[in-house]
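Today I am opening a structure that is new to me. I will jot down what I look up as I go.

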Amino acid sequence: MDFVRFEDVSLAYQPGSPFAIEDVSLSIRENEFISLVGPSGCGKSTVMKLVTGLKPPSKGYVYVDGREVGGPQKCVGMAFQASNLLPWRTTLQNVMLPMEIVEPYRSTLRAKRAEYEEQARALIKRVGLAGFEDKFPWELSGGMQQRASICRALIHKPRLLMLDEPFGALDAFTREELWCMVRDLWQEEPFTVVLVTHDLREAVFLADTVYVMSKRPGRILVRREIDLPRPRDLDVTYTEPFAAYVHELREHIGHIRES
Amino acid sequence: MLSQNTLIRLAPWLVVLFFGLLWEGIVVAFDVPAFLFPSVSSVWHSTVMHWDPIMMHATQTFLTTLAGFAIAVVFGLVVGAAVGSSPIIYKAFYPLLVGFNSIPKVAFVPVLVVWFGIGTIPAILTAFLISFFPVVVNVATGLATLEPEMEDVLRSLGASRLDILKKVGLPRAMPYFFASLKVAITLAFVGSVISETVASNLGIGYLMMAASSSMDMALVFAGLIVIGIMGVAMYELFALVERKLTGWAHRNPNGAM
């Protein structure tokens, strides 16, 4: 059974305006890690809005967990290129934010605050932010902010994690550290991931399946399964098969940009 | 040798002292008649001599201003929250608000006098009318500039509009709100004094009108200076509150990692 399924989905943001994505069909297994790559403005973020139910499709159907999406999904965690941490909250308070909103945590927060905070602290420790729980966002580096942002996306144990270019603004070394962090989180307690990115190495390193999208209106042009053994180490990025995948995807992108 | 910090702390006092001396010097040097432009020393002399009435009228003006300001803050918060969180309300009410704000409030005082008689009530209302606008605009701006990604994060968690307003919108608008309080309190003084000069027999505005009609310019200037001092004091108070409550928005860049 597919966890997320798109059936011939098109979306125009305004009625009558051109489609942002057109006739997109894809299916994602439970606990699969997929990546969407493509030139800028190809509607990758639109796919995110459709999966999370923030936008209804203009045509076609979107199913999550066997049910048609009709409104915001509660089993979703999101993280973006900007960490969007609230500057008046500490790391711990930021990570706790979903617990104040998502049921069943929300109604039991008063009684079980200590327990939930313990979970948050444990998660913060797993992403390597131990000791920074009570710091404010501006006291954290960009990479640390992104770690906290991903904690916030995962604290309510969503079954689906949406990552919209989360490492786009980071330097190369920090980016690779965060790849490994996401890989470990996912490997230890699997969940379904949709990663939108410009970085082909990132897509190949992390994903089970990479989808290449065309220019506007975005369509799925290529679906490529990445058959690299897991767990993957950073060293894999210097191997021949890895380079072949990246090269192949790069060629597809090149064709799209020329067309 | 004075340290940099001491110098910064002393600077505003030194500027006041400088202009005080300049004022005194000009009046003495050119022998300006006191009924046109009194010297600092004669203003000071007049202040001491009329201390009790000045204090009585200043208290009246102060309380009137605070009452109008308080109404403006509550009104401004409610209207600002409504205008800032709904594009429809924003579109519908903004022209009206801007239009109203363009009316000189002194032109409105006679209307208030017809409705409420002379005295404290028109002064409170004028202070309110003149000072609510910056609160509305700032609270609305704070709410309307919420990052769409943040809203997506919250909505994808199933947050209601009220949740978003409480968890993110209002806290985020607080620095804007406190910044507007500093502007609003000084405007509120303008409003109450305007009304007192036109239609009251109490307050600093009335005191100045009475003094100028008897050519007591020293007392008029004493009134002006008292208003200025009250304005600065309240401004500083709200600046302090702002720094205490929304320090996260005014952090020292050197303190960041």
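**The cores**

I began with the largest nonpolar core: of its 100 residues, A:F6 and A:I150 touch the most other members. Such a core is a set of buried Ala, Val, Leu, Ile, Met, Phe, Trp, Tyr and Cys residues joined through side-chain atoms within 4.5 Å, where buried means under 20% relative accessible area with a 1.4 Å probe, protein chains only. Helix α5 (residues 172-188) of chain A gives this core its largest share, seven residues; helices here are DSSP runs of H or I, at least four residues, numbered from the N terminus. I also noted a second, separate core of 35 residues, with B:V43, B:A81, B:L207 and B:M208 among them.

I then looked up A:F6. Beyond neighbours within four places in sequence, A:F6 is in contact (heavy atoms within 4.5 Å) with residues including A:V24, A:L26 and A:Y61.

**How I read the model**

This is a predicted model: local features need pLDDT of at least 70, side-chain atom pairs count only at pLDDT 80 or more, and totals for chains, interfaces and linings use all residues. Residues are numbered from 1 along each chain as written, chains are lettered from A and ligands numbered from 1 in written order, and side-chain values use heavy atoms, without hydrogens and water.

**Where the chains meet**

Which residues take part? The contact takes 24 residues from chain A and 20 from chain B. I found three salt bridges between the chains, each a side-chain nitrogen of Lys or Arg within 4 Å of a carboxyl oxygen of Asp or Glu. One of them joins A:R106 to B:D163, with the closest N and O atoms 2.6 Å apart. On chain B, α7 (148-156) and α8 (161-199) each supply at least two residues of the side that touches chain A, and α7(B) gives the most, seven residues.

Key:
Buried means under 20% relative accessible area, exposed over 50%, partly exposed in between (1.4 Å probe, protein chains only).
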